[in-house]
Amino acid sequence: MSRIGKLPIVIPAGTTVDFKDGIVTVKGPKGQLSQKVDPSILLKFEDGQIVFEIDENSPVNYKQKQAFHGLYRALVNNMVVGCSEGFKKELELVGVGYRVSNQGNLLEFALGYTHPIFLQLPSEVKVETKSERNQNPQIILESCDKELLGLICAKIRSFRMPEPYKGKGILFKGEVIRRKSGKSASAK
């Protein structure tokens, strides 16, 4: 039995969870999300908590049921946390001349290429950019959908991946890049 799947999910005040026809719908102050759940997993609502159980009569093999048990518990937990509190990611651009600006949900990057890069974000994501003197430009992304937020961060990082020689690129706030010494250190 999955250790994560056994943990109940506490439903916070102001958030509602609905389960119909194999689809879990979570509504909260930050938004609304829905997720299809495999029929081999049963959801039970007990005094303000969601409990996940494995359906023993399901034709799916037991190892797969165990995997689904932890997976769907984690997905629904992320939905509950996202709809009640939301998720936030901060990125910073490290490099000379790297800039970012936004107009609504359209981001414009200047990352040392010959052309600017434009990225249109979905309406579920709120974006804010900061460019202060003597500090690296920052991008602050907020959303109730953790998966969507991670995909967008990965897409933004793919424009200039962090490199180990000079430490330049698009990094998560507080991320430390392991630096390499380069050719000059081994030439002796």
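**Exercise 1.** Is Lys-44 buried, partly exposed or exposed?

*Solution.* The model is a predicted one. Buried would require a relative accessible area under 20%, and exposed one over 50%. For Lys-44 the relative accessibility is 36%, so this residue counts as partly exposed.

**Exercise 2.** Find which residue meets the side chain of Lys-44 in a salt bridge, and state how exposed that partner is.

*Solution.* Start with the rule: a side-chain nitrogen of Lys or Arg must lie within 4 Å of a carboxyl oxygen of Asp or Glu. Next, take the accessibility: Glu-53 has a relative accessible area of 27% and is partly exposed.

**Exercise 3.** Describe how strand 5 and strand 6 are joined.

*Solution.* Strand 5 covers residues 41-46 and strand 6 covers residues 49-54. The two run antiparallel, with six bridges between them. One of the pairings links Glu-46 to Gln-49 in strand 6. Two residues lie between the strands of this hairpin, where Asp-47 has a positive phi near 30 degrees.

**Exercise 4.** Which parts of the chain does the salt bridge of Arg-157 and Glu-175 tie together?

*Solution.* First, the contact: the closest N and O atoms of Arg-157 and Glu-175 are 2.8 Å apart. Arg-157 belongs to helix 3 (residues 146-159), while Glu-175 sits in the loop between strand 13 (169-172) and helix 4 (183-186), so the bridge ties together parts 18 residues apart in sequence.

Notes: Residues are numbered from 1 along each chain as its sequence is written. This is a predicted model: local features need pLDDT of at least 70, side-chain atom pairs count only at pLDDT 80 or more; totals for chains, interfaces and linings use all residues. Side-chain values use heavy atoms; hydrogens and water are left out. Buried means under 20% relative accessible area, exposed over 50%, partly exposed in between (1.4 Å probe, protein chains only). Helices (H or I, at least four residues) and strands (E, at least two) are DSSP runs, numbered from the N terminus. Two strands pair if DSSP finds at least two bridges between them.
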